[in-house]
Amino acid sequence: TTPTVVIYKGFVNRVTFNKGEATISVRPAEMAGSRQIPRYKYSTLCNHILYDTGCGVNANGFKVTGISTAVSGNVITVAGAESKPNGWWQAGFITPTGLNDFRMVLLHTGQTLTVLLPFPVSIVGSSVDMFPGCNHQIDGDCSIRYNNVQRFGGFAWVPTKNPFGS
């Protein structure tokens with residue numbers, strides 16, 4: 001048997017025909033990552049990033065400032081975080097005043113915030129700005145917390161029953 005030798009690996013971009021001759025335009029496999037991926041998807045959840053221009057919510061209108069009293073790894077105790085109900089800061093972020101850095105909040109209970117990653121420097125005793133997150137649901141935070149239904153960037157009433165399925 002004749003061994004198979006790969007001389008090209010890629011994708012066919014386009015095929016054109018002219019007077020019985022086919023021209024095939026190809027793109028190397030390495031170029032697959034250079035394609036633009038659609039920004040929005042057809043989803044019941046909002047496609048906007050909270051506080052961006054598409055969302056339009058003013059972050060400073062929801063900011064609460066507290067004092068970081070303790071840090072243990074990625075768990076930060078902030079006096080002032082308890083001013084909102086448990087879970088309020090989840091999916092939001094915190095940023096120490098004067099530090100050009102922020103962390104996403106994964107969990108919030110009372111004064112305790114668990115962030116995705118610890119800060120590189122100690123923030124104990126620092127003033128911390130906290131910004132709440134969003135669940136990206138039209139009848140959830142978009143409506144209840146932010147009163148921002150008019151700028152909802154999703155497709156809230158996508159049918160859950162697929163007419164092409166069983």
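## The largest pocket

The largest pocket in this predicted model has a volume of about 200 Å³. A pocket here is an open set of points on a 1 Å grid over the protein atoms alone, with protein on both sides within 12 Å along at least five of seven lines. The volume is the space filled by probe spheres set on the points, which are joined across faces, edges and corners.

Which residues line the largest pocket? They are His48, Ile49, Leu50, Tyr51, Ala91, Gly92, Phe93, Phe102, Met104, Gly133, Cys134 and His136, where a lining residue has an atom within 4 Å of a point. By class, eight are nonpolar, four are polar and none is charged. Nonpolar covers Ala, Val, Leu, Ile, Met, Phe, Trp, Tyr, Cys and Pro; charged covers Asp, Glu, Lys and Arg; the others, Gly among them, are polar.

## The cavity

There is one cavity of 30 Å³ or more, a cavity being a set of points where a 1.4 Å probe fits but cannot get out. The largest cavity holds about 100 Å³ of space. Its lining has 13 residues, and Cys46, Cys55, Cys134, Cys142 and Asn148 lie nearest the centre. By class, this lining splits into nine nonpolar, three polar and one charged. Cys134 also belongs to the lining of the largest pocket.

Six antiparallel strands close into a barrel, in the order 3-4-7-6-5-8. Neighbouring strands of this sheet are turned by 45° against each other on average, direction ignored; the axes are lines fitted to C-alpha atoms, and angles run from 0 to 180 degrees between N-to-C directions. Strands (E, at least two residues) and helices (H or I, at least four) are DSSP runs numbered from the N terminus, and two strands pair if DSSP finds at least two bridges between them.

Strand 5 (residues 93-96) runs antiparallel to strand 8 (residues 127-131), with four bridges joining them. Strand 5 also pairs with strand 6 (residues 103-109), again antiparallel, over two bridges. Ile94 takes part on both sides: Met130 stands opposite Ile94 in strand 8, while Arg103 is the bridge partner of Ile94 in strand 6. Strands 5 and 6 form a hairpin with six residues between them, and Gly98 in the turn has a positive phi of about 85°.

## Aromatic pairs

The structure holds seven aromatic pairs. Rings of Phe, Tyr and Trp (its six-membered ring) pair if their centres lie within 6.5 Å, and planes under 30 degrees apart count as stacked, over 60 as edge-to-face and the rest as tilted. The Tyr51 and Tyr146 rings are edge-to-face because their planes stand at 90°, with centres 6.3 Å apart. This pair links distant parts of the chain, 95 residues apart: Tyr51 is in the loop between strand 2 (21-28) and strand 3 (64-72), and Tyr146 is in the segment after helix 1 (141-144). Tyr51 is buried at 17% relative accessibility, and Tyr146 is buried at 8%. Buried means under 20% relative accessible area, exposed over 50%, and partly exposed in between (1.4 Å probe, protein chains only).

Phe93 and Phe131 are stacked, since their planes are at 20° and their centres 4.6 Å apart. Phe93 lies in strand 5 and Phe131 in strand 8, so the pair ties together parts that are 38 residues apart in sequence. Phe93 is partly exposed at 25% relative accessible area, whereas Phe131 is buried at 6%.

## Reading the values

Residues are numbered from 1 along each chain as its sequence is written, and side-chain values use heavy atoms, with hydrogens and water left out. As the model is predicted, local features need pLDDT of at least 70 and side-chain atom pairs count only at pLDDT 80 or more, while totals for chains, interfaces and linings use all residues.
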